[in-house]
Amino acid sequence: MANLTIRDVRKSYGAVEVMHGVSLEIEDGQFVVLVGPSGCGKSTLLRMIAGLEEISAGLIAIGDKVVNNLHPKDRDIAMVFQNYALYPHMKVQENMGFSLRLNGTPEAERKRKIDGAAGILGLQQLLERLPGNLSGGQRQRVAMGRAIVRNPEVFLFDEPLSNLDAKLRVAMRGEIKTLHQELRTTTVYVTHDQIEAMTMADRIVVMNAGRVEQVGAPLDLYDYPANTFVAGFIGSPAMNFLEGTLRPRGRDLFQTEDGVELPLPPDTPAGTDLPVTYGIRPEHVTVDPQGIPMTAQLVEPTGAEVHITGKVGAAPFVGVFRERVLPQPGEEVRFLPATEKVHLFDGATGRALLRDAVAA
């Protein structure tokens with residue numbers, strides 16, 4: 001195991017720079033998830049760590065060894081891809097031990113490592129099968145086993161669950177997290193699914209357009225987003241944003257662009273006509289007959305909760321209510337936000353105003 005250092009890493013394709021000076025310090029044994037929308041640079045960064053993409057500037061080090069100019073096979077990493085890339089004519093045990101055979105590992109040692117990985121992953125009964133006779137989840141476990149037998153300094157996962165159905169993804173992310181807790185190998189995991197990121201990571205790196213927006217523990221990013229991008233990306237359903245201004249009237253209040261007034265936390269800075277973005281998560285509102293009116297457009301009962309999509313004034317708004325409120329489309333439902341959960345962001349820059357972002 002080893003720590004991983006990424007310092008001011010840049011990547012350009014000709015005159016076009018796509019990675020803009022990314023710096024990260026990943027501690028020995030941490031499980032770090034790179035998350036962000038398609039095209040944000042997370043897979044490119046992972047491939048640069050692996051040596052599959054050259055960096056244009058900066059430094060990547062695994063432990064005390066700078067690996068900028070090292071071939072992927074010399075970096076002591078193991079990578080699990082979205083595509084399982086198993087050899088269809090080889091049995092499970094042959095797939096798992098292929099890299100060991102290539103580097104001349106003695107047969108007895110290969111068998112010991114394959115049996116050990118198979119025991120961890122529950123593959124003991126499948127070692128004699130061909131990949132064509134396995135389910136998608138079993139194939140992914142074989143791909144993980146192929147990485148485990150190498151006993152690398154760093155595991156790299158590139159969206160390994162995206163080809164699986166929803167139920168199997170939930171099961172497999174639990175298996176991967178359990179595997180990490182057992183092996184404690186430094187792991188970098190790429191996904192566009194923020195639920196995967198929240199449930200699996202020790203730390204999350206939120207990326208956008210080749211830059212790091214925020215790094216922190218999952219709940220820190222949820223509770224203390226640094227800006228509107230992080231606030232809107234972390235959390236499902238996404239945070240509601242209302243544009244407007246702060247206006248004092250005996251006490252400070254927020255007023256949307258079309259005149260709807262919403263309450264503010266007690267620590268709100270004083271300001272007159274200060275343009276801000278008001279953020280509140282859908283799960284942080286409750287039904288109140290004296291509250292803010294929302295016109296319902298779509299009502300989705302899920303059992304434990306009711307999701308209502310509608311509009312506050314002219315702005316789209318989603319509420320997740322524990323109360324069994326079931327308005328018809330076009331009807332009004334009134335709600336109050338939990339003021340201690342309200343976020344305010346600078347209207348021009350999108351930076352958080354009320355809470356300092358926490359980086360872990």
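1. Pro 329. This residue of the predicted model sits in the loop that runs between strand 17 (315-321) and strand 18 (332-337). Is Pro 329 buried or exposed? Its relative accessibility is 57%, so it counts as exposed, the cut-off being over 50%. Beyond its neighbours within four places in sequence, Pro 329 is in contact with Ala 296 and Gln 297. Thr 309 is 20 residues away along the chain, and the two C-alpha atoms are separated by 9.5 Å.

2. Pro 237. The bond joins Ser 236 and Pro 237, with omega about -5°. Pro 237 belongs to the loop between helix 8 (228-233) and strand 11 (240-249).

3. Overall make-up. The protein has 360 residues, and 48% of them count as buried. Its secondary structure amounts to 8 helices and 19 strands. The C-alpha trace spans about 80 × 45 × 35 Å along its principal axes. Take the contacts between residues at least 6 apart in sequence: 65% of them join residues at least 24 apart.

4. Surface and charge. Accessible surface comes to about 16800 Å². Carbon and sulfur atoms account for 49% of that surface. There are 37 positive and 44 negative side chains. The centres of these two sets lie 7 Å apart.

5. UniProt, in an unreviewed entry, lists residues 4-234 as "domain: ABC transporter". In the model, that stretch is 37% helix and 26% strand.

6. The largest nonpolar core. In soluble globular proteins, nonpolar side chains tend to be buried together. Here the largest nonpolar core has 42 residues. Which of them touch the most other members? They are Met 96, Met 144, Ile 176 and Tyr 189. Helix 4 (residues 136-148) is the main contributor to this core, giving 5 residues. A second, separate core holds 29 residues, among them Val 22, Met 48, Ile 60 and Val 215.

7. Met 144. This residue is worth a look in the viewer. Leaving out neighbours within four places in sequence, Met 144 is in contact with Val 80, Leu 121, Phe 157, Met 172, Ile 176 and Leu 179. Of these partners, Ile 176 is also one of the core members that touch the most others.

8. Helix 1. Why is helix 1 (residues 42-50) described as largely enclosed by the rest of the structure? Because 7 of its 9 residues are buried. The buried set is Lys 42, Thr 44, Leu 45, Leu 46, Met 48, Ile 49 and Ala 50. Met 48 is also a member of the second core. Gly 51 follows the helix, with a positive phi near 90°.

9. Lys 11. Lys 11 lies in strand 1 (residues 4-13). Its relative accessibility is 8%, so this lysine counts as buried.

10. Helix 2. The buried residues of helix 2 (residues 92-102) are Val 92, Asn 95, Met 96, Gly 97, Phe 98 and Leu 100. What covers them? The cover includes helix 3 (107-121) and helix 4. Met 96 returns here, having been named among the core members that touch the most others. Helix 2 is followed by Gly 104, where phi is again positive, near 85°.

11. Glu 159. Glu 159 has phi near 45°. The residue is placed in the loop between strand 7 (154-158) and helix 5 (166-183). Glu 159 is buried, because its relative accessible area is 15%, under the 20% cut-off.

12. Arg 184. This is another non-glycine residue with positive phi, about 55°. Arg 184 lies in the loop between helix 5 and strand 8 (186-191).

How values were computed:
Residues are numbered from 1 along each chain as its sequence is written. This is a predicted model: local features need pLDDT of at least 70, side-chain atom pairs count only at pLDDT 80 or more; totals for chains, interfaces and linings use all residues. Side-chain values use heavy atoms; hydrogens and water are left out. Helices (H or I, at least four residues) and strands (E, at least two) are DSSP runs, numbered from the N terminus. Buried means under 20% relative accessible area, exposed over 50%, partly exposed in between (1.4 Å probe, protein chains only). Contact means heavy atoms within 4.5 Å. Accessible areas come from the Shrake-Rupley method with a 1.4 Å probe; for residues, only the protein chains shown count as cover. Lys and Arg count as positive and Asp and Glu as negative; His and the chain ends are not counted. The place of a charge is taken as NZ of Lys, CZ of Arg, CG of Asp or CD of Glu. A nonpolar core is a set of buried Ala, Val, Leu, Ile, Met, Phe, Trp, Tyr and Cys residues joined through side-chain atoms within 4.5 Å. UniProt positions are given in the numbering used here, feature names are shortened, and annotations may be inferred rather than shown by experiment.
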